[in-house]
Amino acid sequence: MRARFPASEDETLDALLTTFDAVREQYLEMCRGGDLEAELPVGPMPWYGMDEARPAKLRYLYVGHVEEFARQAGHADIIREELDGATAPELLSAVEGWEPNEFVKPWQAPGTP
């Protein structure tokens, strides 16, 4: 487990992506085999006034993960849209090869014919 977020001088993007892929696969495997009714200790989380660990069902933890993933993806999407101006429907239509219609035109980088 990494002790800090920023990459160190000796870490490469390829190595970080390899680690990410391995951890993602472990997480997905854990999710596939999880008993949704199992209880796990959660906390403490003093920022929510929870000073001691308490049990929570795995189902609750998964919902929390989905919420957090969506929030982080939304933040990244906002930043990306500010950088390149592309919206999610435009990007999806470009990736999927959809024909333009009255609502969505596939995104192209500025200056691309």
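## Two helices side by side

Helix H1 (residues 13-33) packs against helix H2 (residues 58-84) at an angle of about 140 degrees, and their axes are 12 Å apart. Axes are lines fitted to C-alpha atoms, for helices over the stretch in contact, with angles from 0 to 180 degrees between N-to-C directions. Helices are DSSP runs (H or I, at least four residues), numbered from the N terminus.

In H1, Tyr-27, Met-30 and Cys-31 meet Tyr-62, His-65 and Phe-69 of H2; contact means heavy atoms within 4.5 Å. By class, this contact has five nonpolar residues, one polar and no charged ones (Ala, Val, Leu, Ile, Met, Phe, Trp, Tyr, Cys and Pro count as nonpolar, Asp, Glu, Lys and Arg as charged, and the others, Gly among them, as polar).

The model is predicted: local features need pLDDT of at least 70, side-chain atom pairs count only at pLDDT 80 or more, and totals for chains, interfaces and linings use all residues. Residues are numbered from 1 along each chain as its sequence is written, and side-chain values use heavy atoms, leaving out hydrogens and water.

## A ring pair across the helices

How many aromatic pairs does the structure hold? There are two aromatic pairs, counted when the centres of Phe, Tyr or Trp rings (six-membered ring for Trp) lie within 6.5 Å; planes under 30 degrees apart are stacked, over 60 edge-to-face, and the rest tilted. Tyr-27 and Phe-69 form an edge-to-face pair, 5.9 Å centre to centre with 80 degrees between the planes. Tyr-27 lies in helix H1 and Phe-69 in helix H2, so this pair ties together parts 42 residues apart in sequence.
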